[in-house]
Amino acid sequence: MTVLVVGSVAYDTIKTPAASREDSLGGSATYFSVGISRFAPVSLVAVIGEDFQERHIELLRSRGVDVSGLQREQGKTFRWAGEYFSADLNSRTTLDTQLNVFAEFSPSLSAEQRRSPYLFLANIDPELQLDVLDQMERRPDLVALDSMNFWIDGKRDALNKVVANADVLFMDEGEARDFACEGNLVTAARKIMAMGPSALVIKQGAHGVLVFSGDTVFSAPAFPLDHVVDPTGAGDTFASGFIGYIAATGDKTPEGYRRAAVLGSVMGSFCVQDFSVDKLLTLSMQDIEDRFRAFSQLTAFAPLQDGGSLLTRN
């Protein structure tokens, strides 16, 4: 089933303790499209400038990404520069942000895109996210949404409206607490889900992910890696695995969301092992399945038998 993603395509300049990269292909829609192309057809809607290289459009096409919604406008492509400092890469500083053509981005969907059964509204202005929802011919089977503190602080009313129309909401811990105005994460999750989403996915970076669905809570760890190069795009790549699983299986049960979260974590763990989408481009399905199986062993342990006790003293 085709997944429509509306977000950003960008060029990033990044410095990490491992290395640095200038004019690296980035943007939320880029990471998501390349990641999900392993699991489901994907159609991308974004804006690029006159400087966007044709080879990068061909790269997306080579992954089966529908780029008919890639709008080229006069001016420069959205650019971002940042630096990561700590060894665990959980902290970063934004050095430069140039919105360029992205500042005037107005998504325009084709007739086919308006009928997409799955929709991922990547991290863009919530007013644009609402506009995309209004353009849909019918409500998609799944609407997934990402956001950030900038929109929570600056456009809460519009964000409230789009959250109320989402099935799955992605936020990190700080964003969830800020959005709910609640310090306790569990209470914050309940307040947010009461607004409309059937599932809330709270990303915890190197500490894994929490998935709230109905009355259930699922925790998946981050996959332990001995070398992390660049965490940029990990969240969008996580979303690609999460939504990719649902689009491929149609499974929106709590158990399905759990497997989706693990597949998302698998994809995110690969993303951080290189700059841009470079690592994602080299993956085989066997690589993905092997790491998915390895995830199941991270927290596997023998449960208590019926009637048994935890500790037996001789």
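Mentor: Let's start with a term: buried means under 20% relative accessible area, exposed means over 50%, and partly exposed falls in between. Keep in mind that this is a predicted model.

Trainee: Thanks! Why is Asp 167 called buried?

Mentor: Its relative accessible area is 16%. The cut-off for buried is under 20%, so Asp 167 counts as buried.

Trainee: And what makes Arg 139 partly exposed?

Mentor: Arg 139 has 43% relative accessibility. That value falls between the 20% and 50% limits, so the term is partly exposed.

Trainee: How do you know that Asp 167 forms a salt bridge with Arg 139?

Mentor: The closest N and O atoms of the two are 3.0 Å apart. The limit is within 4 Å, so the pair qualifies. Asp 167 sits in the loop between helix 5 and strand 10, and Arg 139 in the loop between helix 3 and strand 9, so the bridge ties together parts 28 residues apart in sequence.

Trainee: Why does the pair Arg 72 and Glu 54 count as a salt bridge?

Mentor: Good one to check! Their N to O distance is 3.9 Å, and the cut-off is within 4 Å, so the pair counts. Arg 72 belongs to strand 5 and Glu 54 to helix 2, 18 residues apart. Both residues also belong to a salt-bridge network with Glu 58 and Arg 61.

Trainee: What makes Glu 54 partly exposed?

Mentor: Glu 54 has a relative accessibility of 44%. Buried needs under 20% and exposed needs over 50%, so Glu 54 is partly exposed.

Definitions and conventions. Residues are numbered from 1 along each chain as its sequence is written. This is a predicted model: local features need pLDDT of at least 70, side-chain atom pairs count only at pLDDT 80 or more; totals for chains, interfaces and linings use all residues. Side-chain values use heavy atoms; hydrogens and water are left out. A salt bridge is a side-chain nitrogen of Lys or Arg within 4 Å of a carboxyl oxygen of Asp or Glu. Helices (H or I, at least four residues) and strands (E, at least two) are DSSP runs, numbered from the N terminus. Buried means under 20% relative accessible area, exposed over 50%, partly exposed in between (1.4 Å probe, protein chains only).
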